[in-house]
Amino acid sequence: QVQLVESGGGLVQAGESLRLSCAASETFYDIRDMGWYRQAPGKQRELVAAISSDGSTISADSVKGRFIISRDDAENTVSLQITTLKPEDTAVYYCHVRARRWRVSADLDYWGQGTQVSVSS
């Protein structure tokens, strides 16, 4: 079973920065999309940023200019550089990978267990 393991969350003050990383437990045959989602208490999970196999990215309007997503297919990792954190960025952040495993014919979605980011004002 493939596992995605996130790291880098924590408690920070407004205006500070964090770097979230997500690593897969095995090497994929082919990685499609990679991304980060977040879920704040009482709210639905939302897309924060995503990066496709050709390197094109999308991000939520609320994080544009502050969050930068990157991927390293050789290492099976996706990272999120977060700057100028705001209290409203407080949430559990989940990484997502859509990929194909070796000897498997379909692309599947994989999720990490989540890492807490808390921002104090």
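**View 1. Arg 45 over two aromatic rings.** Arg 45 sits over the face of Tyr 94, 3.7 Å from the ring centre; a charge counts as over a ring if NZ of Lys or CZ of Arg is within 6 Å of the ring centre and within 35 degrees of the ring normal. Arg 45 also lies over the face of Trp 111, at 4.9 Å from the ring centre. The model is predicted: local features need pLDDT of at least 70, side-chain atom pairs count only at pLDDT 80 or more, and totals for chains, interfaces and linings use all residues. Residues are numbered from 1 along each chain as its sequence is written, and side-chain values use heavy atoms, with hydrogens and water left out.

**View 2. The aromatic pair of Phe 28 and Tyr 110.** Three aromatic pairs are found in a search of the whole structure; rings of Phe, Tyr and Trp (its six-membered ring) pair if their centres lie within 6.5 Å, with planes under 30 degrees apart counted as stacked, over 60 as edge-to-face and the rest as tilted. Phe 28 and Tyr 110 form a tilted pair, 5.4 Å centre to centre with 40° between the planes. Phe 28 is buried at 6% relative accessible area, and Tyr 110 is buried at 9% (buried is under 20%, exposed over 50%, partly exposed in between; 1.4 Å probe, protein chains only).

**View 3. The aromatic pair of Tyr 37 and Trp 111.** The ring centres of Tyr 37 and Trp 111 are 5.0 Å apart and their planes are at 65°, so the pair is edge-to-face. Tyr 37 is partly exposed, at 22% relative accessible area; Trp 111 is also partly exposed, at 38%.
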